[in-house]
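Reader: I have a structure open and would like to go through it. Can you walk me through it in plain words?
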Amino acid sequence: MSPSPHRPPAEVTAPGRAAVVLATLAVLVSAADTYVVVLALPDILTGVGVGLDQLQEATPIIGGFLLGYTATLPLLGRLADLRGRVPVLVGCLVLFALGSLLTATAVSLGPAVLGRGLQGIGAGGLVPATLALVADRWPPDRRAVPLGVVGAVQEAGAVLGPLAGAAVLAVADWRAIFWLNLVLGVGLALALRVSGPRRPGRDVVGVVCAVVAATALALQLAEPEPLVTDVTLGLGWVPVVASQAWTTPLVLVAVLALAGLVARSLTAAHPVLPLRGLPALAREVDVLGAVLVVVALGSLVWAFAAADPATQVVAHGPVLLPLAAVATVAFVLHERRTAEPLLPLAELRPVGAWGALVVNLLVGVALVAALVDIPLFARATTETDQLGAALVLVELLVAVPVGAVAGGWLCRRTAPRWVAATGMALAALAFVAMTRWDATSLDSWTSTVALLAAGLGFGLAVAPVNAVLLAVTPSRVHGSASALVVVARTVGMLVGLSLLTAIALRRFTEVVRAIPSPLVTCPDTPADCAPYDRAVDAAVLTQLHTVFAGAGVAAALAAVAAVALLRTAAVDVRR
């Protein structure tokens, strides 16, 4: 298969510093949004008509975001290679803003799931486009530090997301979170749109049409009470045709403005929407390959995201897993034959390229154990609430951005494989220490040391993985390659969560079965139940220790894989 004949996008040669900064801020906003529902989820469910006794209904809200985030990444990465990083960033921010609008105005589960899915698509596409933008601006020997900064910002979202959600919930309801996302998404999209060099003939009319359409749609969906109940202004929400609810003046204004925007985009020299290029883009993009990869990744993501860890490793396994396998095989066969492949499989033949994917997959397996089970350990061994348990996890998360920047700096002086291997070995040792935690361990400074070491270790691996991947692949496929490394980590987290939880629950069940029945151990007084309660607590600790041990194994394997696979003459030298 020959390399793509398409010339790289214009900004490959000279991306502006402002565009890189704005793209990095967009990654921070989207990363924070990934975790913002942690505290707000019960309120969101209540707000869309789902009772707290039906928490299983939350699966589509969480799974919809993950599905949108992961399944469309290869397509968005390819678009970033074909049409430029900045246009894809702007488009993803628009989708993110639209999803935020739908979620903020949702009064039932369907619109909330659709909104979170659109947010996921937008958030997922921001990361590979930003990584490719960094690679475009800096040569291989100087890009490790900025890659580390982007990684640090992305990881900082795990800390800032729950904190920002808690801050908003302290002064407003959950919908304010997504209204804020809407404002930030639109603001960053506009800033990126105008951050490039000035071009004559900018389509002012098209911009006005876009603003009018967005404002009318937002007002229609939000239905602010002071305006709706006003005798005069409220007419904007009254259907012109009584039997057709969609014929309100606001909807009609939005439709007319959108029609004007489309018309201008088809005729203006520098349109807001690049509609005139869509037919050519459709010929360049491997549509069948995109469909197959969405089916494959979507089936895999939903199988693991919708699973109930207490009873199953995957959901609908007999259907979804074979579907994912068939779609994957069909995709690979199709990609080998098509002239314009969606993914640059030929460009991923260097050991460093597919080695980066393997390492990031294992990093995801280990990382998800920390994100899920450290708060569970805090709840199981202390009398803290959900917020207190999250603060224990913060001790790990604050060290990840520090490690990411440090890892980028070290890659300029040390072979990246050794930086990544050191980081994952450090994380593995921290997990080994966690397997020895008891009911009082979180009261000791030693637990803080273990948490900081794990976070620092995960952070150290961020920049080396991305630096090696981008060094062994040409710039024309940096968007696609960056998308794959994100997919690898996400899939690792999903698979790791299901497998480690299933193994741990099986171990828990075995231990509990060996405990005598409480009818035997405490037949008379509650005081007689103390031995039984201690035995159950010990079984819970065994379950958590099993997850930590599995995470330690995954981290150790990541360290070994980094040494063996993250090799490339382009960056694997001392500078």
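This is a predicted model: local features need pLDDT of at least 70, side-chain atom pairs count only at pLDDT 80 or more; totals for chains, interfaces and linings use all residues.

Reader: How many helices and strands are in the protein chain?

Author: The protein chain has 22 helices and zero strands. Helices (H or I, at least four residues) and strands (E, at least two) are DSSP runs, numbered from the N terminus.

Reader: And what share of the residues is buried?

Author: Of the 575 residues in the protein chain, 51% are buried. Buried means under 20% relative accessible area, exposed over 50%, and partly exposed in between, with a 1.4 Å probe and protein chains only.

Reader: Which residues have the most contacts inside the largest nonpolar core?

Author: They are Ile 374, Met 424 and Met 434, in a core of 120 residues. Helix 14 (residues 351-381) gives the largest share of this core, 16 residues. A nonpolar core is a set of buried Ala, Val, Leu, Ile, Met, Phe, Trp, Tyr and Cys residues joined through side-chain atoms within 4.5 Å.

Reader: What does Met 424 touch?

Author: Not counting residues up to four places away in sequence, Met 424 touches Val 363, Gly 457, Phe 458, Ala 461, Ala 555, Ala 558 and Ala 559. A contact means heavy atoms within 4.5 Å.

Reader: Rings next. How many aromatic pairs are there?

Author: A search of the whole structure finds seven aromatic pairs. Rings of Phe, Tyr and Trp (its six-membered ring) pair if their centres lie within 6.5 Å; planes under 30 degrees apart count as stacked, over 60 as edge-to-face and the rest as tilted. One of the pairs is Phe 377 with Phe 548, with centres 6.3 Å apart and planes at 50 degrees, so this pair is tilted. Phe 377 sits in helix 14 and Phe 548 in helix 22 (residues 530-565), 171 residues apart.

Reader: Is Phe 548 buried or exposed?

Author: Phe 548 counts as buried because its relative accessibility is 0%. Phe 548 also pairs with Trp 437, with centres 6.0 Å apart and planes at 75 degrees, so that pair is edge-to-face. Trp 437 is in the loop between helix 17 (416-434) and helix 18 (445-460), 111 residues from Phe 548.

Reader: Which residues form the aromatic cluster?

Author: Phe 377, Phe 431, Trp 437, Phe 458 and Phe 548 form one cluster.

Reader: New topic. Where does Ala 218 lie?

Author: Ala 218 lies in helix 8 (residues 204-222). Ala 218 is buried, with a relative accessible area of 17%. Leaving out residues up to four places away in sequence, Ala 218 touches Leu 101 and Trp 179.

Reader: How many disulfides does the count come to?

Author: The count comes to zero disulfides, a disulfide being a pair of cysteine sulfur atoms within 2.5 Å.

Conventions
Residues are numbered from 1 along each chain as its sequence is written. Side-chain values use heavy atoms; hydrogens and water are left out.
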